[in-house]
Amino acid sequence: MGELSMRESYGRALADYAALNPKVVAVDVDTSMSTLTHFFAAKYPERFFNVGIAEPCAVDVGAGLALGGYIPFVNAFAALLALRSLEQIRTCVCYTRTNVKIAASYAGISDFKDGPTHFAVTDIANVRALPNMTVIVPADANEAAQFVPLVAEYEGPVYLRISRGNTLPVHTLGAPLQIGKGILRREGGDVTLVATGSMVGRSLQAAELLAAQGVNARVVEIHTIKPLDVDLLVESAKLTGALVTVEEHAKIGGLGSAVAEALAEIHPVPMQRVGLADEFCVTGRTVEGLLDHSGLAVADIVSAVQQVLKRK
Amino acid sequence: MMCLTEKQIIALEDKARSIRADSLRFIHTRGAGHPGGALSAAEILAVLYFHTLRIDPKNPSLETRDRFILSKGHASAALYAALSRRGYFDARELDNWGEVDCPHQGHPDRFKTPGVEMNSGILGHGVAVGAGLTLAARMSKNPCRTYVLLGDGECQAGIVWEGAATAAKYHLNSLVAIVDLNDVQLDGPVHEIMPMEHMADRWKACGWQVIEINGHNVRQIAEAFDLALEIHDKPVCVIARTTKGKGVSFMENDSNWHGNVPNAEQLKQALHELGAEVN
């Protein structure tokens, strides 16, 4: 596991980057000790706005700050931002094209102790359907930190999906990261694992297990769900002839859906989706244990590959 | 406080009359729209656009301009009337309002209509967005002021009060909310659908300075905005008591005219009652 949780890495990066960019401001909803924007708040209290437990308000205030020339990072739990505030995000951020950054923490099932009310497993589906929205899912703590300046300097609405906890580190510090460009994490010619967020690390582990079985899996990280790196996906589909998508999100509407939508029209190949089932998850004692329980174990990825290979 | 001269009052009343007449013409042309709430806000918009707002139609993106957000975006016809009369665009651009090739949308869109600061139409956003804009202005030492017009029915939406609390917490004294209190909403009288009585107390309890006026009296409206300049520690809410459909006998206080369209005969009668020239 990485030493830093993704949220801490994000929180520290935001505070650090704010020193370089005086236009960056932060809005939070009484969760600064959870989203870890308290690092920012401590350094820049005059640029930090805590609106209380009012996510819709936080998004609207962010829209106003953006209209006034600032670059607001609106911080709250993903479950609330992508559901309770979805209309605000649609109307005041996407439709009005305000330069608001939705920093959605505790995403997926990373808030394993609190259960379904705090899980955000439909958020990618919710926000990627909105015009003008860019959707970014970092794979690990370092990547989350590296995305902060990229997101801030990107003109337009962004949904940045932050995990509460530690995810398997996959990213080398300093490696070039580009919004909209997927990353080839592992070469392989038999099947492509297309993974996002916390599942990139697990997909790399699955690829190692598959290699031992004689299956060479290519691993592609898709950190930008929208706009999707269709070129890399088509290239992978052509090269390996089969795909498995892997995500800590509902199978309905997330990465798997986005990839299927794109490939169906260009280069369809047998495909399997590893994601959360169409049901409410349970509470867990550890995030790793809950991921395993919820169909996102490394063995589940291996099993999906075995199935898709039969259809090749 | 600046007192309006009789001449200024007559000029502003004339602008309000023009906004009413234009609104009804636009809505008739489009075959859709919300006449009731456009008519109730005519004097408020007249005073804002022809007296209070420090704006320059020739330079609509001037950083120090005052901002106006029509939170009750349904009254777009009245806003378009005010903006075109103020010189932001030619009213003839609305001759095909409602057609897909007309730049001006059913509800305000800041990318389509010059002078529009914020997309609106779905109710509730103005106060919270206005709070964000005012925070931005304060940080950047921009002397601009922000005005938000919302309806009393709109105040039923919880987001209004989230925004109101935020504005009060940060003592946003350059933010002015105007409640167009006409007591009529789509389904009927506000006091029956979901009573919003004690409107002034609600805003006061949230930490706002409240000024109550007759929303059809241009002198009172202008004086309220002038008085708001003297408030230095809290945001200001102007509660403007109005009549929905004001100025047209058959539209007044009738929820059927919240979102109904006058036919040619009704338009003719309405313009006659308003004392506006008939095309």
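Me: Let us start with the sheet of chain B; what is its strand order?

Reply: Helices (H or I, at least four residues) and strands (E, at least two) are DSSP runs, numbered from the N terminus, and two strands pair if DSSP finds at least two bridges between them. Here chain B has an open sheet of five strands in the order β1-β2-β3-β7-β6, with parallel pairing. Its edge strands are β1 (67-70) and β6 (209-214) of chain B, each of which pairs on one side only. From one strand to the next, the twist averages 20 degrees.

Me: What should I know about the origin of the model and its numbering?

Reply: The model is predicted: local features need pLDDT of at least 70, side-chain atom pairs count only at pLDDT 80 or more, and totals for chains, interfaces and linings use all residues. Residues are numbered from 1 along each chain as its sequence is written, while chains are lettered from A and ligands numbered from 1 in the order in which they are written.

Me: How many bridges join β1(B) and β2(B)?

Reply: β1(B) pairs with strand β2 (residues 146-151) of chain B over four bridges, in the parallel sense.

Me: Which strands do helices α5(B) and α9(B) lie across?

Reply: Two conventions are needed. Axes are lines fitted to C-alpha atoms, for helices over the stretch in contact, and angles run from 0 to 180 degrees between N-to-C directions; two residues are in contact if their C-beta atoms, placed from the backbone, lie within 7 Å. Helix α5 (residues 126-139) of chain B lies across β1, β2 and β3 (175-181) of chain B, and runs at about 175 degrees to β2(B). Helix α9 (residues 218-228) of chain B lies across β3, β6 and β7 (236-241) of chain B, at about 165 degrees to β6(B).

Me: How is the packing of two helices described?

Reply: Two packed helices are described by the angle between their axes and the distance between those axes. Angles under 35 degrees count as roughly parallel, over 145 as roughly antiparallel, 65 to 115 as roughly perpendicular and the rest as oblique. In chain B, the axes of helix α1 (residues 6-30) and helix α10 (residues 264-274) come within 10 Å and cross at roughly 175 degrees. The two helices, α1(B) and α10(B), are therefore roughly antiparallel to each other. The contact is made by B:R17, B:R20, B:A21, B:L24, B:R25 and B:H28 of α1(B), together with B:L267, B:A270, B:L271 and B:L274 of α10(B).

Me: What is the class make-up of that contact?

Reply: Ala, Val, Leu, Ile, Met, Phe, Trp, Tyr, Cys and Pro count as nonpolar, Asp, Glu, Lys and Arg as charged, and the others, Gly among them, as polar. The contact of α1(B) with α10(B) has six nonpolar, one polar and three charged residues.

Me: At what angle do α4(A) and α6(A) pack?

Reply: The angle is about 5 degrees, and the axes of α4(A) and α6(A) are 9 Å apart. That makes α4(A) roughly parallel to α6(A). In this packing, A:P56, A:V59, A:D60 and A:A63 of α4(A) meet A:Q88, A:I89, A:C92 and A:V93 of α6(A).

Me: Is α4(A) mostly covered or mostly open, and what does it give to the contact between the chains?

Reply: A residue is buried if 20 or more other C-beta atoms lie within 10 Å of its own, exposed if 12 or fewer, and partly exposed in between; C-beta atoms are placed from the backbone. Helix α4 (residues 55-67) of chain A is mostly covered, with 13 of its 13 residues buried. The contact between the chains takes 21 residues from chain A and 21 residues from chain B. α4(A) gives the most to the side of chain A that touches chain B, with nine residues. By class, that side has 12 nonpolar, seven polar and two charged residues.

Me: Where does B:K244 lie, and is B:K244 buried or exposed?

Reply: B:K244 lies in the loop between β7 and α10 of chain B. B:K244 counts as buried because 30 C-beta neighbours are inside 10 Å. Leaving aside neighbours within four places in sequence, B:K244 is in contact with B:G36, B:G37, B:S40, B:N182, B:V184, B:E252 and B:N253.
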